[in-house]
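Visitor: I am new to this structure, and I would like to understand how its descriptions are reached.

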Amino acid sequence: MAKTKAVFRCTSCSHEVSKWVGKCPDCGAWGTVNEVAVSASAAAPGRRAMLPSTAAAPLSQIDAKVTQARSTGVSELDRVLGGGVVPGSVVLLSGEPGVGKSTLLLEVAFRWAAQRDETALYVTAEESAGQVRLRADRTGAVHDRVYLAAESDLSIVLGHVEQVRPTLLVVDSVQTMLAPEVDGVIGGVTQVRAVTAALTSLAKASGIAVLLVGHVTKDGNVAGPRTLEHLVDVVLQFEGDKNSSLRMVRGIKNRFGSADEVGCFELHEDGIACVDDPSGLFLHHRTDAVPGTAVTVAMDGKRPLVAEVQGLTVKTEIPQPRRAVSGLDYNRVAMVLAVLQSRGRVFLGKHDVYAATVGGMRLVEPTADLAIALAIASAEADIALPAGWVILGEVGLAGEVRKITGLGRRLAEAERLGFTTALVPPGSEKAKVGSMRIHEVGDLRSALRLAELRKSRAPRETVAVE
């Protein structure tokens, strides 16, 4: 009989220690170190060679067609996935409660069954079959080849897979599934890892594309062990403001394509719809120019999005004026206000300042610094910026305007939407597109003078000293 010895292993990161501790020294998790028995021979460094069941093959002889993506029927999701779902892959879609994960995946199952003569199995462990049917009736996702199973037992789910034999499996959600042969509570670290590993093995062995719904923590990270993201092939983050109908799907990990793509959706009563041109949602269309508004172009992944930044200044008598920000980075706006006052001579010490984006867009990249500064200066001077202007540039603490990445794609998107003039950092003349006029500004004060928000100061007179 092989000898065994006791070791203490963390259930979150699998780190082993010689004695029990309350906090894992590797990942820092509390209460995850448990005693396990291992074989003494397994702990030895020597291993006995075994004949492999499948011989290693040259890389040039591997068939690449087995990883060819198949369209889900939802164009924006296909964009993020890199063309579609790869057979045998496992996709994890995480997001906050109520953001629309179940609605999106039910639409994917319907499109999958409707566009080809194949079946899709939708497994729900959080809702009853009647609740899912009501959602399908409301969104128009009822199809004869979409099968529904309201089960939380993994063994029974695998039995449904054997009976239905689908090519697409949706599990909602992985944190509510139970593996009977594994100890631990539902949603615990051990259970989530075991369920995900079993579904991953099913996908690789049968070629079924598996879509998993994952919960998130209060910090916005995927709930469960960190190894959960390593087990799956694709990790997507579903984001959205509850006060807005706009939803974003961002790629975090993708073994089959780019991981910096983003898909835009609009959630409404009849379901969820793709937004192929989301720039219009972030612009407030008006005929007359209004003081306190500026337009910039942000890069969300590889997609340029035209966004409108609004600023408002109000005189106040309180010693500490208010600073309110919506859709922008508060610390970034505070830095821009400091540079605007110190380098641009726009004094806001006795003004409440409000800065926001339009359409619920979240704009945090430094490219919007110059647009934020000109929008606030326009509001303070009560002078509107010229119509058709798009403003791009990062503002430094010395007041200089720095270069940005992807300028050509940003300007091309702005010209497509009808903008005629661009304020850009120095050295950007080669990025000129079409008939758009390019004005290079080296610092914040030059941009203010070009927009006629501040007059150029007359040079000081020199007095000769005898």
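Predicted model: local features only at pLDDT ≥ 70, side-chain atom pairs only at ≥ 80, totals over all residues.

Guide: Residues are numbered from 1 along each chain as its sequence is written, and side-chain values use heavy atoms, with hydrogens and water left out.

Visitor: Why is strand 8 called largely enclosed?

Guide: Buried means under 20% relative accessible area, with exposed over 50% and partly exposed in between (1.4 Å probe, protein chains only). Six of the six residues of strand 8, residues 209-214, are buried, so the rest of the structure largely encloses it. A209, L211 and V213 are buried on one side, and V210, L212 and G214 on the other.

Visitor: What makes strand 4 and strand 8 a pair?

Guide: Two strands pair if DSSP finds at least two bridges between them, and strand 4 (residues 90-95) has five with strand 8, in the parallel sense. Here L93 stands opposite V213.

Visitor: Which strand pairs with strand 8 over four bridges?

Guide: Strand 7 (residues 168-172) does, also in the parallel sense, and L169 stands opposite V210 of strand 8.

Visitor: How do you know that helix 9 has a span close to the expected one?

Guide: The expected span is 1.5 Å times one less than the number of residues. Helix 9 (residues 369-381) has 13 residues and reaches 18 Å from its first C-alpha to its last, close to the 18 Å expected. Helix 9 is also mostly covered, with 11 of its 13 residues buried.

Key:
Helix = DSSP H or I, 4+ residues; strand = E, 2+ residues; numbered from the N terminus.
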